Every structure is written in structure tokens, then in C-alpha cells.
Amino acid sequence: MPTDTERAILLEQIAAELRRRPDQRNWITQFRDCEAVPLSKAADIAGADPETIRRWCVAAECSDRPLGYNVGGLWLVDMPELMRQLEERRGQRARQAAEARLDKCRVQQSIKLLACAP
């Protein structure tokens with residue numbers, strides 16, 4: 001049977017692991033905040049053909065860095081990961097242009113949310 005000291009060490013190891021993990025947000029919050037968007041909008045933001053973004057999603061689906069989530073046959077694309085992949089595949093200039101389009105998307109989303117506020 002472990003001693004109290006051993007239990008405390010184990011709990012500290014578990015707590016340290018949990019602190020290293022990124023905060024997990026649910027997909028509804030990500031969608032509301034334009035951190036996860038439908039594939040067609042992701043393609044507009046990326047300045048790419050929707051089929052290209054779909055292929056990227058499929059290719060990364062089973063990797064440790066998926067690009068999106070397939071929900072009922074529709075892709076929700078993770079914007080931070082898309083920005084990373086854009087820079088990797090097409091360079092920093094493509095990422096910066098996409099980030100500017102994403103900022104516009106976020107402003108439009110904020111306006112919609114404000115219009116719905118009581």
C-alpha cells in the first residue's frame with residue numbers, strides 16, 4: 001500500500017500533467033469565436049479552394065494534429081491549426097493574409113452576437 005508521501009508525489013505528477021495540457025474548449029464556443037468554422041468559410045479565409053482544405057482535413061484526420069472535426073459529414077476546421085498549416089505549406093505571407101480575413105470574420109461574428117444580446 002502506498003504511503004501518504006507516495007500518494008502526494010503521484011498527485012503532484014498528475015497535477016503537473018494537467019497544467020501542461022492546453023485548455024479545452026467545447027466546439028460550440030470555438031464555433032462562436034470563429035476558432036472552428038465550416039469548411040467553405042475556412043477555404044475563403046485561407047484563400048484556397050474548398051476541395052484543397054477538405055483534402056488537408058482528410059490527410060490530417062488521424063494525425064496528432066487534426067485540421068478539423070468531421071461532424072455529420074460536415075467539416076469544422078480549426079483556425080489555429082489552419083493558420084499553422086498555411087504557413088508551413090504556403091509561407092508566412094499566406095498566413096498573414098488569412099489572419100486578416102479571419103479578423104474580419106471575427107468582427108462580423110461579434111456584431112451578430114451583439115445584435116442577439118438582450
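This is a predicted model: local features need pLDDT of at least 70, side-chain atom pairs count only at pLDDT 80 or more; totals for chains, interfaces and linings use all residues.
**Exercise 1. Find out how many helices and strands the protein chain has, and in what order they run.**

Solution. Start by counting: the protein chain has 6 helices and 3 strands. Next, walk along from the N terminus, and the elements read α-α-β-α-α-β-β-α-α. Finally, look at burial: of the 118 residues, 28% are buried.

**Exercise 2. Work out the strand order of the sheet, and explain why one side of β1 and of β2 is left without a neighbour.**

Solution. Begin with the order, which is β1-β3-β2 in an open sheet with antiparallel pairing. From one strand to the next, the twist averages 30 degrees.

Now zoom in on one pair. Strand β3 (residues 74-78) is joined to β2 by 4 bridges, and the two run antiparallel. Within this pair, Asn 70 stands opposite Trp 75 in β3. Another helix, α3 (residues 39-46), lies across β1 and β3 and runs at about 105 degrees to β1.

**Exercise 3. Follow helix α5 from its cap to the residue after it, and list which of its residues are buried.**

Solution. Take the N-terminal end to begin with. Asp 78 caps it, with a side-chain oxygen 2.9 Å from the backbone nitrogen of Glu 81. Then check the length: α5 (residues 79-90) has 12 residues and spans 16 Å from its first C-alpha to its last, close to the 16 Å expected at 1.5 Å a residue. Along the helix, the buried residues are Met 79, Glu 81, Leu 82, Met 83, Gln 85 and Leu 86. After α5 comes Gly 91, with a positive phi near 100 degrees.

**Exercise 4. Identify the residues with the most contacts inside the largest nonpolar core, and see which elements supply it.**

Solution. The largest nonpolar core holds 22 residues, and Ile 45, Ile 53, Val 77, Met 79 and Leu 82 have the most contacts inside it. At least two residues each come from α3, α4, β3, α5 and α6 (92-116). The largest share, 5 residues, is from α3.

To finish, pick Val 77 and look beyond its neighbours within four places in sequence: its contacts include Ala 36, Val 37, Ala 42, Ile 53, Cys 57 and Leu 82.

Methods
Residues are numbered from 1 along each chain as its sequence is written. Side-chain values use heavy atoms; hydrogens and water are left out. Two strands pair if DSSP finds at least two bridges between them. Axes are lines fitted to C-alpha atoms, for helices over the stretch in contact, and angles run from 0 to 180 degrees between N-to-C directions. Contact means heavy atoms within 4.5 Å. The expected span of a helix is 1.5 Å times one less than its number of residues. Buried means under 20% relative accessible area, exposed over 50%, partly exposed in between (1.4 Å probe, protein chains only). A polar contact is a pair of N or O atoms within 3.5 Å; within protein, one must be able to donate a hydrogen and the other to accept it, and residues adjacent in sequence count only if both atoms are side-chain atoms. A nonpolar core is a set of buried Ala, Val, Leu, Ile, Met, Phe, Trp, Tyr and Cys residues joined through side-chain atoms within 4.5 Å.
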